[in-house]
Amino acid sequence: MNTLLLPPPLLHLRHRLLHVPPPPPFLHHRHRFLLSATSQQLNFTAINGDEQDPYDVALLPNPHYNFTPLLTFLSTHYTPSHPSDPDPPTRIDPDELRLAESYGAVPGPLWHSLIKSLASSPSSFSSAYALVTWLQRHNLCFSYELLYSILISALGRNEKLYEAFLLSQSQSLTPLTYNALIGACARNDDLEKALNLMERMRRDGYQSDYVNYSLVIQSLMRNNSLDVSILEKLYGEMEADRIELDGQLFNDVIAGFTKAGDIDRALFFLGMMQGNGLSPKTSTIVGIVNELGNLGRVEEAEAVFEELKEGGLRPRTRAYNALLKGYVKVGALKDAEHIVSEMERSGVLPDEHTYSLLIDAYGNAGRWESARIVLKEMEANNVKPNCYVFARILASYRDKGEWQRSFQVLKEMKNCGVSPNRQFYNVMIDTFGKYNCLEHMMGAFERMKVEGIEPDVVTWNTLIDCHCKQGHHNTAHELFEEMQESGCLPCTTTYNIMLNSFGVQELWDDLNELLGKMQSQGLLPNVITYTTLVDIYGQSGRFNDAIECLEAMKSAGLKPSCTMYNALINAYAQKGLSEQAVNAFRVMRGDGLKPSLLALNSLVNAFGEDRRDAEAFAVLHYMKENDLKPDVVTYTTLMKALIRVEKYEKVPAVFEEMLLSGCAPDRKARAMLRSALRYIKSTYKL
């Protein structure tokens, strides 16, 4: 039995008392109840933003109930008792008793609506709580679980999750209060508590409300915490409980899988939704088209886009942009131009994003003049280009190696009246750094500061990394110190760059001190950190330290990557330690990682350096058996291994096999062949 139900009072309220004057008539048919002497009105026709239910008793015309006396009494003469108090009141004030009798015939849905309205505002929540305990005190409304769930939901909506949990502890949890608490946690993005409550609810033999699944998935999307395994687990629970997905839940599941990167699963649920006769939201379709475009699956993106139009939905700018983005990604310039033309024919106006994508397409195709025409068209359509557009133009030139055009882009930008922002300067700094133009890079950095634009962590990381790659480690360290003095906190990427710098210089004490500082600031080493450490330790021959890093990474719950093992195997190979390289390869296989071509090439090199040519060719045989195609590095390394053991006569056969396999020999491969042939020729002369 519900512990919240109090025993009936001494006087049974259903007996009519004599000489009780009827309450004054309530003149408003939509039940606008007066809260207090200030005459604050609460409208029950729009509670919590939900749509009106035409069958709600609370909305039916009823002239008999004025709740002003009750609310006045609750705010002035009534102290709520604790809901878990099992003892009935020993004495009830006669005025309160008459008040309770006058409201004895109020239907339950009307009480529910009143409590919802009072609880929806933080200023009147205390009145809602007092009303619930008063109703419980007089046994006037027998769905107390529902009343408390209304209060818990209201606290959740008002971001008072702690208070919601305190209120829930006053009674044993029931399906209604469970669902209210889960919803409150999800709305406040406390996913751990929401998922734990759902699990606890299932253990207690209750089924979670389908609305909670929607709220949890929405919270996961808001916090970018989506993981395919979590979504699959949630859907498995829905299937186990035979929960029928409604339109909203279908949309959330599809959007969740799309955002988690499992587009095939999203398409599966889209088909299931349409098979059930439900129509997806436009935003759901746009998300799918966008993700398909990102993956370069433009044909499928086109099909989904056409379904959007055939379903009677008119695509808007965002939908067209999603498909356009796909065309730009795969370099389909004509299709990109066509979709923009179709967009304009349909009366859908392009926005800044549309134009920036089109400029991207022209930039990738090397059609700078066409990109300039788009800029003029933007101006004619009163769409002012922003920094993002010019940053994309600059990035396209950077990726094509045309860094000199940076100055032209900057000039065009100023002609359009657009001032560079931090994002633009970051792209410019990265462009100069990528092509070793350190003087121009530092000039852009100084200009950025003169214009009052504060460098962010991306700016500093780019500067430090570029100087490290050029071997200017002292300058990199000075920039690292300047970064901290400016108030910009280093991130994990910053520390990874500096750890690599100290490792290259073999400054092990400085490296250990920096690693400790990183952890003291609450930044945990990630996979890249450990890979960097394994690589620099291996290159310096500190293999014990490299193995310790590998074990520390596993202890931290991180899975070693192929890149890490490649670095370790390569380090062993360069030292000619073939046995250690083989052991690292075996550990890699034991961790469930598929050997990469890079790792196997390193293994070939290890055997070659150790003058074990038979084992080197055994690795080649292993590649062929496991459908790994040897590349030019494989064959070149094998030729080098044969030359090392003075088996020159076998080198031409390896070179011929390389040609027959379709590998184009590079300069180094030809040099190996020439070296072997010269030796063979000199031997014959002798």
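**Note on a helical chain and its salt bridges**

1. Start with one residue. At 13% relative accessibility, Asp613 counts as buried. Buried means under 20% relative accessible area, exposed means over 50%, and partly exposed lies in between (1.4 Å probe, protein chains only). Areas come from the Shrake-Rupley method with a 1.4 Å probe; for residues, only the protein chains shown count as cover.

2. A word on the basis. This is a predicted model: local features need pLDDT of at least 70, side-chain atom pairs count only at pLDDT 80 or more, and totals for chains, interfaces and linings use all residues. Residues are numbered from 1 along each chain as its sequence is written, and side-chain values use heavy atoms, with hydrogens and water left out.

3. The overall picture. The chain has 35 helices and 2 strands. Both are DSSP runs numbered from the N terminus: helices are H or I with at least four residues, strands are E with at least two. Of the 686 residues, 47% are buried. The chain exposes about 34400 Å², and carbon and sulfur atoms supply 51% of that area.

4. Contacts along the chain. Contact means heavy atoms within 4.5 Å. Take the contacts between residues at least 6 apart in sequence: 64% of them join residues at least 24 apart.

5. Salt bridges. The term means a side-chain nitrogen of Lys or Arg within 4 Å of a carboxyl oxygen of Asp or Glu. The count by this rule is 26. Three of them are described in the points below, with Glu342, Glu482 and Asp613 as the acidic partners.

6. Glu342 and Lys309. Their side chains form a salt bridge at 2.8 Å, N to O. Glu342 sits in helix H16 (residues 333–345) and Lys309 in helix H14 (residues 298–310), so the pair ties together parts 33 residues apart in sequence. Glu342 is buried, with a relative accessible area of 15%. Lys309 is partly exposed, at 28%.

7. Glu482 and Lys449. Here the closest N and O atoms of the salt bridge are 3.4 Å apart. The pair links distant parts of the chain: Glu482 belongs to helix H24 (residues 473–485) and Lys449 to helix H22 (residues 438–450), 33 residues apart. Glu482 is partly exposed, with a relative accessible area of 31%. Lys449 is partly exposed too, at 33%.

8. Asp613 and Lys647. This salt bridge spans 2.9 Å, N to O. Asp613 lies in helix H32 (residues 613–625), while Lys647 lies in the loop between helix H33 (632–644) and helix H34 (651–660), so the pair ties together parts 34 residues apart in sequence. Lys647 is partly exposed, with a relative accessible area of 27%. Separately, salt bridges with shared partners join Glu579, Asp610, Arg612 and Glu615 into one network.

9. Around Asp613. Leaving out residues up to four places away in sequence, Asp613 touches Leu642, Val645 and Lys647. The C-alpha atoms of Asp613 and Lys640 are 9.6 Å apart, although 27 residues separate the two along the chain.

10. A charged patch. Arg667, Lys668, Arg670, Arg674 and Arg678 gather in a patch of positive charge on the surface. Patches use residues with over 30% relative accessible area and no salt bridge; like charges are joined within 9 Å, and nonpolar side chains (Val, Leu, Ile, Met, Phe, Trp, Tyr) within 5 Å. Lys and Arg count as positive, Asp and Glu as negative; His and the chain ends are not counted. A charge is placed at NZ of Lys, CZ of Arg, CG of Asp or CD of Glu. Arg667 lies in helix H35 (residues 667–685). Arg667 is exposed, with a relative accessible area of 70%.
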